[in-house]
Amino acid sequence: MAEPPERDPFPEFRLDSDAGATFALESKGKWWHAGFHLTTAIVGPTILTLPYAFRGLGWGLGFLCLTVLGCVTFYSYYLMSKVLEHCEKAGRRHIRFRELAADVLGVGIGAILLAGECLKIMYENLSPNGSLKLYEFIAMVTVVMIVLSQLPSFHSLRHINFASLILCLGYTFLMVGACINAGLSKNAPPRDYSLDPSGSSRVFSAFTSISIIAAIFGNGILPEIQATLAPPATGKMVKGLLMCYTVAFLTFYSAAVSGYWVFGNKSNSNILKSLMPDEGPSLAPTIVLGLAVVFVLLQLLAIGLVYSQVAYEIMEKQSADVKQGMFSKRNLIPRLILRSLYVIFCGFMAAMLPFFGDISGVVGAIGFIPLDFILPMLLYNTTYKPSRSTLTYWINLSIIIVFTGVGIMGSFSSIRKLVLDANKFKLFSSDVVD
């Protein structure tokens with residue numbers, strides 16, 4: 001008598017019944033496509049906040065934190081890719097963090113907010129007495145994002161994300177050149193690298209800065225990116241990570257050093273604004289700053305698209321019918337409506353709460369530190385079960401313990417700064433609060 005078929009213990013990971021995975025995360029990509037996606041997810045305009053993060057740490061601790069967090073996140077993502085490869089070999093592809101990646105909503109909101117601020121910067125330089133407000137520029141960006149959001153899958157973004165890689169190199173080098181020019185000019189601002197004289201404030205500022213740097217390195221969508229690779233994915237993700245981190249270290253260090261060198265503890269949460277002070281002449285040629293702002297704006301659209309794929313996949317798992325085509329009326333209409341509503345929500349939140357500098361710290365501490373510094377170590381130790389006598393086990397355990405503490409302190413200090421800055425907050429303000 002034939003034995004009954006074995007029940008699938010992981011039905012939630014079967015792709016033949018998951019429209020979200022089949023459509024939004026179709027697996028056709030090469031390793032360099034993963035590199036493009038990873039670079040867009042990690043190397044974005046948030047690097048313009050690195051000089052701002054350094055002002056809470058100083059030169060020595062700033063370099064140390066940037067290096068340590070970079071190395072730990074690379075190691076973390078490497079372990080996560082190995083866990084995902086192990087699951088694929090076992091016959092099941094874990095393709096998303098699900099609710100654990102809910103913090104990517106903050107990234108989508110931040111991308112729209114920064115893009116709106118870029119438009120506002122250009123507008124104010126062209127029309128200094130203009131009447132348009134920040135929320136109106138955010139509305140313009142939201143309309144563009146609604147159109148772009150209809151690109152059906154993560155894989156369909158590969159060309160956009162290659163352009164994003166070129167753009168991030170472009171505006172970083174423009175910004176570095178602008179900072180060097182500003183630092184050597186007769187209008188160079190006075191440099192002060194001193195930290196807060198109060199011991200407690202210095203500690204809180206340091207942990208807030210660490211949280212901001214963690215958010216800059218953060219990538220809550222690595223499983224989704226790995227899911228876009230054509231199987232087998234073995235080894236492909238590591239090549240993509242190497243491409244991404246080559247670009248990351250090149251841009252992160254140059255942006256942090258040049259910006260903090262010029263502005264010190266007066267660095268703005270968007271270094272481009274420091275180069276265009278409210279009082280006095282611009283500290284760099286207008287054409288250079290204008291081109292950098294355009295590059296930033298264009299890449300922010302790509303970043304918003306990349307991080308929105310998580311939400312689209314979750315929505316389409318419930319709303320789409322995998323048995324019908326991706327462009328069938330049955331799937332096209334719900335996709336159009338739901339994606340548009342999601343982008344409108346992000347745009348509304350960006351316009352209502354323009355507190356990007358403080359939000360970056362909170363998102364880094366509460367979202368990215370657990371997701372990128374703790375969870376991969378736990379999953380690796382649970383999946384591969386390394387012996388307690390091995391170095392890998394103790395490295396992973398040490399990272400878990402250290403970054404649990406950093407996450408708790410970072411959360412407290414970031415929320416503290418949010419509370420202290422509360423009197424500066426105004427709903428639908430025309431200025432982004434640092």
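Which residues make a nonpolar surface patch of about 450 Å²? In this predicted model, the patch is made by Ile 333, Leu 336, Ile 337, Leu 341 and Ile 344. Patches comprise residues with over 30% relative accessible area and no salt bridge, like charges being joined within 9 Å and nonpolar side chains (Val, Leu, Ile, Met, Phe, Trp, Tyr) within 5 Å; a salt bridge places a side-chain nitrogen of Lys or Arg within 4 Å of a carboxyl oxygen of Asp or Glu. Leu 336 belongs to helix α13 (residues 329–352) and, because its relative accessibility is 45%, counts as partly exposed. Buried denotes under 20% relative accessible area, exposed over 50%, and partly exposed in between (1.4 Å probe, protein chains only).

The model is predicted, local features requiring pLDDT of at least 70 and side-chain atom pairs pLDDT 80 or more, whereas totals for chains, interfaces and linings use all residues. Residues are numbered from 1 along each chain as its sequence is written, and side-chain values use heavy atoms, with hydrogens and water left out.

The protein has 15 helices and zero strands, assigned as DSSP runs (H or I, at least four residues; E, at least two) and numbered from the N terminus. Of its 434 residues, 54% are buried. The accessible surface, from the Shrake-Rupley method with a 1.4 Å probe and, for residues, only the protein chains shown as cover, comes to about 18700 Å², of which 68% belongs to carbon and sulfur atoms.

The largest nonpolar core contains 111 residues, among which Ile 213, Phe 252, Leu 272, Leu 275 and Phe 403 touch the most other members. Helix α12 (residues 286–319) gives the most to this core, with 14 residues. Such a core is a set of buried Ala, Val, Leu, Ile, Met, Phe, Trp, Tyr and Cys residues joined through side-chain atoms within 4.5 Å. Beyond residues up to four places away in sequence, Leu 275 touches residues including Met 175, Cys 179, Phe 263 and Leu 289, contact meaning heavy atoms within 4.5 Å.

The structure holds 23 aromatic pairs, defined for rings of Phe, Tyr and Trp (its six-membered ring) with centres within 6.5 Å; planes under 30 degrees apart count as stacked, over 60 as edge-to-face and the rest as tilted. Phe 54 and Tyr 260 form an edge-to-face pair, at 5.8 Å centre to centre and 65 degrees between the planes. Phe 54 lies in helix α3 (residues 50–54) and Tyr 260 in helix α10 (residues 236–263), so the pair ties together parts 206 residues apart in sequence. Both Phe 54 and Tyr 260 are buried.
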